[in-house]
Structure formats: structure tokens, C-alpha cells
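Take a look at the model below. We will walk through it in short steps.

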Amino acid sequence: MKVERAKLTWFERLYIPSILNGFKVTLRHFFSWKRSKVYGDKQSSYSAKLTMQYPEEKWPVPDGYRGAPYLVKDEDANTKCVSCQLCEFVCPPKAIRITPPGQSGEADREGAEKMPKEFDINMLRCIYCGFCQEVCPEEAIYLLKDYAITGENREELIFNKEKLLSLGGEDKRAYAHHTQDGVTEGIKKWEKKTQEAKDQPAFH
Amino acid sequence: MAAKDISIETVTVKVDGRSVEVPRMMLNWEGNLEPTTVLQACKLAGIEIPHYCYHPKLPVVGNCRMCLVHVGSPGRPGPDGKSPVNEDGTTKIFPMQLPYEPQTPRGVIGCATTIVPDMEIYASSPETKEMRESVLESLLINHPLDCSICDQAGECKLQEYSYDHGQAESGFEEFKVHKPKAVDLGPRITLDAERCILCTRCIRFTKDIVGDDALGIVNRGGYNTISTFPGESFNNNYTLNTVDICPVGALTSDDFRFQMRVWFLKETKSICTDCGSGCNVMIGSRENKMYRYEPRQNDAVNGHWMCDSGRLNYKWIGREDRLSSITDVKGKTSWPIALKNISDHLSNADKGSVAIVASARQTNEELHLLSKLAKHFDAITDSIPRKGKADHLMMIEDRNTNTTGAQLIGVTSKRVGSKLSIIKKGIESGKVKTLIVFGEDVTKHGIDAKLLEKVTLIVSDILPNETTKIADFLLPGCAHAEKRGTFTNVKGRVQKFMKALEPPGDALSEWEFLHELAHNVTGLDGFKTIEGLFNHMAGEVKAFKDAELTWAKLGDHGLDVEL
Ligand code: SF4
Ligand code: SF4
Ligand code: SF4
Ligand code: SF4
Ligand code: FES
């Protein structure tokens, strides 16, 4: 098929007006005095909207943003993950790789029975879908707000258990909905159940 | 099975409004005829009644109540001997009700209620559904619901039935009773007493099938717990079967505990190689690593069970020191070069100058190809006997998987190993110049390293030993889980097994390179696949020919041949 090209008029063939037309959006933002939500408070001292000085300056990540998945701890700094491997199963790009503990269970405290021996997330594979967070029965994995995952080689970007736990830390969001009426009872995983079992009259 | 010969009258019952004709009697757990139960009738009608304590191969006790169904039966016959009829003349059916509360439907346990003619079984009615919900709710009263750390999750009947028949809410608000967790019940079994639903399958299995009355229930009411006698350990050769039949995650296998979630496991039909019984098994593997054996039902061989020693005998398959490269006198080489050199060597060998020590753990197909080579050279062939202790159930003395096959194919003498001394004498006198050894360490059986120096030694094996160390040609082979083939068990049942794993390194299924050798040396031809090879063998070996075996006909459960 032959495409008929429209013949340009004399004015169009000047090109300058078209270029200026294209700059219109840029220039409008350049001279805009309105504040943008993205720059948030960072910009309060500026009257004009200027280019953000990333990475020295960072934009406030909105709530509900799905960043990198990390393992979170409970309020006593205990590992919450029990190596159920549901996240590994559900992860669409197979970014998660868990090594189960084997017979020993690897548990590090009273009342706990099972913990992962290894827990790797390949951040190059992760697509930040949040399925792992959704499926986790122990609320042990959360997509936090990290979005700039960089490294010098591929191995570096496979985060292991220690790294995921330290990056996840004790994220408040991880147990926010366990707090009622301002009273932070905390989840203190297994503590309640262990106590309950201890209080029970011995059955003989 | 006795039931096949006797003709059994049938009765008609209605399951969910559909008329089905079912036999009046069916086989019970011991193989005797007993009146058909509601659960069996529904199964024949294609409707599964959920159940925990019922197991087709265990005595019926009816204690879990999961199989409650609402049924209706004809009324009691009047003085004229006839049951009450409807206006149109059909038999009147009375749905069961509580006698003191006629508006409440009453359930019966399907596993222990026998059918009567014209019975109506309301297997999916709202009444039945409500009964199931209530039973599940009460089973879950003290259940910890720790599915996320429970090895049974994914194959747990409590999970499955809760999804299918349960309700999401529990009316029980009190504290749950906590029972002991991770109890060491025996050397291979860990009990989580909280998860137990007290179906007593484990107790009945070990008492009635194994004959070791080791388990019982102690304590009362909500504190009921499975236990052994004080100070005793649950330790017989069949304990791990209780892990399979336990419908929940109460009994767990130490070997499999916290190793892998079951939904990752790929299942492959295979045969246990620990003794000549040839129990049917299922291999569970993930990413080329084997995690467990489970017994696979075959009523002609092992029923639902297998022994613990066979079940745990698989670790060698994944051993680090598996043979994985082809070597000849000069060092590492490749299949084409090694096979060409061996073929050249064998083609120049004189009749009678070759001896073969095959293994009675090899497959029928491999032994058949070896017998072809043997015939070509008039070679002396034999295998090495392997004896262990037999037990009273399934494990037999002969620890070679395929002794019967080796004898039928003619590689092994009737008294296994009786010709080894002739082979030894042959080497000593210099008559035998080439020795082919498959899967055995002949240095342990009288043919020592010094003697082996006198011959060209062609060895194929899976794990290193003294013989593989001094082989002139070493061909790495496959474990049964890494290839396909058939074994003939001690009673003459030919059964096939499938490939679950990839072999390490250069290792190759023995039948593939044996086929090439046999082709180069004897001109054998005509098949490319294991199916073709089996069918070829079935046409030549008398016992297989008489039974008209073909690979396809073997099916999943194998076929018997005349011994
Ligand atoms: S966010 Fe999605 S892709 Fe990333 S680890 Fe979780 S499940 Fe996998
Ligand atoms: S993070 Fe959650 S879903 Fe993943 S293994 Fe741990 S407990 Fe299971
Ligand atoms: S026994 Fe079944 S329901 Fe109970 S914790 Fe285990 S998997 Fe979950
Ligand atoms: S341990 Fe398992 S098989 Fe035994 S009674 Fe309890 S639930 Fe049943
Ligand atoms: S299966 Fe019928 S009562 Fe348990």
C-alpha cells in the first residue's frame, strides 16, 4: 500500500512553530506556581515547582505503594515466617526460593516449631505484585516502600533471609490492625498460645 | 478374590433421587463378604461420602461421625407381611427422624449402616449438609489449625472437608485444649496430639494389620491423646503407614518432617527396590530431588502398605559420590568413544572367553539385553545373592528386586550365585579374558582385585566400590527412579516403573547403552524405545510370551506370569 503524504504548507515547513508548540507543556510546568502533590512538603520552601534533586531528595511514597517485599518481625523482634512456602508457590515469576528447615525445625524460641532455613527473594525477578503479602498466613512478608533496588551484579540482588529480615525490620504496618482502641497489645507470635497451654491444668 | 466367582444378588437403592443397582454383599477389610454399607453404595453411585475413621482395609469402628447421612427406608411390614405403600402403590419411604423429636431428621453413619432394598440415601440434602457442618465444627473445637507448619497441609482430609462441607465460623468461644506437640512416638514417628481427631485408624492398623498392639488412647474427654504404653516406643517395620492413613497431620514422618510442602512434589509411579516383593510406590520429587516414597495401592501385591525399611531406602539415589562420568584405562571419555571401543573389543572376543556377572537388581530389559550378549559368546552368567531377614508381613528374605526376572530370562542360575566359582576358575585358568560386571562388587564375592587384573573388566554401576575403581571401562548407570523398565517380583508379577529424576552427569539408562552394544556386537535391531524393547523381550522369554505381555497391557499394576 502506498501512503499518500499530505503536502505541508509554507507555514508548516518553517518547523519552528511546531517545536515551540511542543515546548508549551514543559514551559507551562516551568513557570507554574502551583504545588504538586508528588513533591509534597519537600517543596514548601519553594514558590515554584522545580526539578527534584533526586537522589538527595526523595519523593514521599504514598500509602499503599507496592515496593520490595521484605520479611517483617514481630514486636519482640522474632521472625514471623514459618516457612509454609505459600508465597513461594504463589509468586508468579518464581522470585521466592525457600529452603525448609528439615526435621530440626530451626525454631529459635519456645512455642515456635518451624522457621525457614534459607529464604531468598530474587529482586530482579520480583514484579511487586504483592501476592506473597496477600497469601501469607502469618503476615510475615510485606511489600514495603523501597523502590530503588540497585546492585552491581545479579548475585547481590538475591536478598537472603538475614537481609530481608533486617530490611523489613519491625514495620508498624505489619501489626497495625492488631491494635485496638489505641491499645498496642502486639502480636507477640505464639506467646499467647504458649501461655494458654501453660495455664491449662495438667491432664492426668 | 473370592467375590468374583460367586454371583451376588443386587438390590436397588436411590442415591440423591437416582436409582442405582448395587450388590447386596461386598468385600470387607479382610476380604470376606459382608452386607454393603451406605458409604459403599454411594461410592458405587459415584458419590463420595466424607469419612475419617473408615478405611477400606481396616475394621469399621464408626467413631468419627464424619460420614453421617440422612436416609429413608421402607416402613415396617404390617400383619400382611407387606411394607406400607403410597397411594399409587409404590413402597412408602420414611425418612429417618429422631424418635422423641419427629421434626428433626436423624442421620446414620454411612460406614457402618447396611443398605436395605428401596432405601433412599439423601447424600447431598440440606439435612446431610448440616450434619456434616456440625461434625466438622466439633472436630475443630480443639484443633490448633496450624496448617502453615503442618506437613499434612495440602493432603489433609480435615482441610479438604472443611473447604467442601465445613462452615467458616465456629460457635466455640472457650479456650482450646492444648495437648503435647512434637511427641516422639517412636524412632520414625512424631505425634502432634493437638491435631489428632481420634479416628483410631493408627491404632487399628498397628493392632489388626501389623499385629503389634502398640498404640492406644489415654486420658479422658477433650484430653484424649494417642499414646504408646509408658516407656515403650512405637517401633515396628510398618509404623510409617500410620502417617499415610492418618487423615490429618497428627502423625508425621521424621524423615519427611519439615522437608518440603506436598504441593510442590511431583508424583511418579515406581516400585520399591528394597526386596523381592516389589511393593508399588509413588515417588515424590521436586526439581530432581527425591523427598519420599509413599505406598501406591495394588491389592495384588502390597495392598495400601509398605514397610519402613523399604520406604526409607532412597537416600543413596541422591548421594554426592554417584558415578557420573565414563572412564576407560586412559581416564575420562565419552559415550560414543567408550561404546565403540567396547564394541570393538567384544567383536574380537572368542566364544567362551567372556563372563558376565549381572545384578538381580537390574530390570528385565537390561537382563534380556545382557542375555543376548551372553548367548553370542556362550558366556557364563550369574548374579550375586543378597539375603536379609524376612518379616511376617511383606518383607521377604531375598533383597534382590528382580531375582525372578533374572531367572526367567536365564541370566541367573536357579541357585543364585552358584556359577560364580566357575567364573572365578575360568579367570584363574586364563580361559575367561573379559568380565562384564553390572551393579555388583565382585571383589566381595571371591573374585579379588588381583584376579581382576588378568581380565578386561567392563563395569557399570551407580555408586563407587572396589570393582569400579579398577574397571577398564566404567559406565555410569541409573537408579530405578531415573529410568523406566520392569521388574518381576518374587511371585512372578511383572510391573513397570516410571522415571522421576534426571541421572547425574553422563550417567545413562543401562538399557540404552546395552542396546547399542548388543546392536554392534550381535546385530540385534528393531526397536528404539523401552516399550519396543519390552515387547521384543516379551516375544522371546517363554514365561512372558505365555502370558502374552505387552508394555501397554502391564498398566499401573502389572500382570502375573506363570513361574
Ligand atoms: S511481590 Fe509478587 S513477584 Fe514479588 S516476591 Fe511477592 S509474589 Fe513474587
Ligand atoms: S513469608 Fe509467609 S507465606 Fe512465605 S513462607 Fe513465610 S509464612 Fe509462609
Ligand atoms: S491437620 Fe490439617 S487442618 Fe490440621 S493443621 Fe494440619 S493441615 Fe491444617
Ligand atoms: S493420630 Fe491420626 S490416625 Fe491416629 S487417631 Fe489421631 S487422627 Fe486418627
Ligand atoms: S467414617 Fe463413618 S464414623 Fe468415621
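The text below covers the contact between two chains, then the surroundings of two ligands.

This is a predicted model. Start where chain A meets chain B. On one side, 24 residues of chain A take part, in contact with 28 residues of chain B. Together the two chains bury about 2200 Å². Carbon and sulfur atoms account for 56% of that area.

Three salt bridges cross between chain A and chain B. The side chains of A:E113 and B:R257 form a salt bridge, with N to O at 2.9 Å. Two helices of chain A, helix 2 (86-90) and helix 5 (191-199), each supply at least two residues of the side that touches chain B. By class, that side of chain A holds 10 nonpolar, seven polar and seven charged residues.

Ligand 4 sits among residues of chain B. A run from B:C196 through B:I197, B:L198, B:C199, B:T200 and B:R201 to B:C202 contributes to its surroundings. B:I226, B:C246, B:V248, B:A250 and B:L251 complete the list. By class, the shell around ligand 4 has 10 nonpolar residues, one polar and one charged.

Conventions. Residues are numbered from 1 along each chain as its sequence is written. Chains are lettered from A and ligands numbered from 1 in the order in which they are written. This is a predicted model: local features need pLDDT of at least 70, side-chain atom pairs count only at pLDDT 80 or more; totals for chains, interfaces and linings use all residues. Side-chain values use heavy atoms; hydrogens and water are left out. Contact means heavy atoms within 4.5 Å. Buried area is the accessible area (1.4 Å probe) that two parts lose on being put together, summed over both. A salt bridge is a side-chain nitrogen of Lys or Arg within 4 Å of a carboxyl oxygen of Asp or Glu. Helices (H or I, at least four residues) and strands (E, at least two) are DSSP runs, numbered from the N terminus. Ala, Val, Leu, Ile, Met, Phe, Trp, Tyr, Cys and Pro count as nonpolar, Asp, Glu, Lys and Arg as charged, and the others, Gly among them, as polar. A residue is near a molecule or strand if one of its heavy atoms lies within 4 Å of it.
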